[in-house]
Amino acid sequence: MSVKSHPDAGALLALLLFFNARLDDTLLCSLTEWESKRVEAAVNRLVEAGLLTREPDGMLNPQAGAERAARAWLVAPESEFQFGTCFSCIRRANRGEQLEALADLHLFCRRLAERAEEDAAILCYDRLLAGLARLPMRHAPAENIRRYIALCLDAQALTFYFLRAVDAAILMLFRARGIAHAIGDLRSIALINLAIGSMGGRPTDRHNSPRLHAIMRRGVASTNILGDEDILEQASLYLGIYHFMEGRYIEALAHFAQAGHAPTAWELRQDLLTIYTSTCCAYMADFDAAISIVSTGWRNAKLS
């Protein structure tokens, strides 16, 4: 099968091999961002060529020769084929641009989560966490280390959508914290401790974990010692969660208000703020405010 003649088929093989998971047509539509007819045509071409088989349950399995065909697509000049974000990530990973590939995968995962394409988003998130956990950083330039730590902090927030990934995200953050310690990055250490502790607020087996809360308390202390406007803004959401967990709802609301105006605000942050601020108001018996916050959040979600 010629990749030049059938670039969609080559791209689909590269995607299947990248995720190394059992996928069906529905998942492929989400991951490729193609129409179902385009996916079906590429799958049929691969089945005819003997590079793919379809199991009775609809799952697709690459066959002998699939890796070679995928490699031909990966090394083809990029200008020849225009594909979506997931394919950009796969090409970057093939070129050795691992950190950039993971950053692309994170953005794509966010988009899938915000579109409620849960199965595809979980698949991408598992791949993202695994990639961050094993990315070689020992001899990385300082700038790459800073970008890696920032990506870990951004990636952990997605556990709000994927609760089953909390344990894997915590392990990733412990690794990031170790790397921050190695370069003496006190600001990142403070933020990572806050992020690790915030996992105790998720409704999982680690909910209200004393160990996680102790780590978060250290993060709060370090943030207060650093005390500048930038670190307080970056930490505002975590500080709000900390005071919420401590039952100090007025202090929590003040930090949540600051977090809502941060330039890094995106849809997940707004979801978190809606839940936490409305709950703060409800716990203070201000039910009118709680209902208003939830209603506004719901209207904004419908408009976005």
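This tour moves from the whole chain to a few selected residues in a predicted model.

**The whole chain**

Begin with the complete protein chain displayed as a cartoon. The chain contains 16 helices and 2 strands. Its C-alpha atoms fill a box of roughly 65 × 45 × 35 Å along the principal axes. Of its 304 residues, 46% count as buried. Among contacts with a separation of 6 or more, 60% are between residues 24 or more positions apart.

**Confidence**

Colour the chain by pLDDT. The average is 90, and 93% of the residues score at least 70. Select helix α10, residues 186-198, where confidence is highest, at a mean of 97. Then select helix α16, residues 287-303, where confidence is lowest, at a mean of 83. Where pLDDT is low, the predicted coordinates should not be read in detail.

**Ala11**

Select helix α1, which spans residues 7-19, and find Ala11 within it. Is Ala11 buried or exposed? Ala11 counts as buried, because its relative accessibility is 0%, and the cut-off for buried is under 20%. Now show its surroundings: leaving aside residues up to four places away in sequence, Ala11 touches Trp34, Trp73, Phe83 and Phe87. Ala69 lies 58 residues from Ala11 along the chain, and their C-alpha atoms are separated by 9.1 Å.

**His243**

Move to helix α13, residues 236-245, which holds His243. With a relative accessible area of 14%, His243 is buried. Which residues does His243 touch, not counting those up to four places away in sequence? They are Arg248, Glu251, Ala252 and His255.

**Cys280 and Cys281**

Finally, select the cysteines. A disulfide requires two cysteine sulfur atoms within 2.5 Å, and by this rule the count is 0 disulfides. Cys280 is in no disulfide, since the nearest cysteine sulfur, that of Cys281, is 6.8 Å away. Cys281 is likewise in no disulfide; the nearest cysteine sulfur to it is that of Cys280, at 6.8 Å. Display the surface around this pair of residues. Cys280 has 0% relative accessibility and counts as buried. Cys281, at 7% relative accessibility, also counts as buried.

Definitions and conventions. Residues numbered from 1 in each chain as written. Predicted model: local features only at pLDDT ≥ 70, side-chain atom pairs only at ≥ 80, totals over all residues. Heavy atoms only, no water. Helix = DSSP H or I, 4+ residues; strand = E, 2+ residues; numbered from the N terminus. Buried < 20%, exposed > 50% of the residue type's maximum accessible area, 1.4 Å probe, protein only. Contact = heavy atoms within 4.5 Å. pLDDT = per-residue confidence, 0-100.
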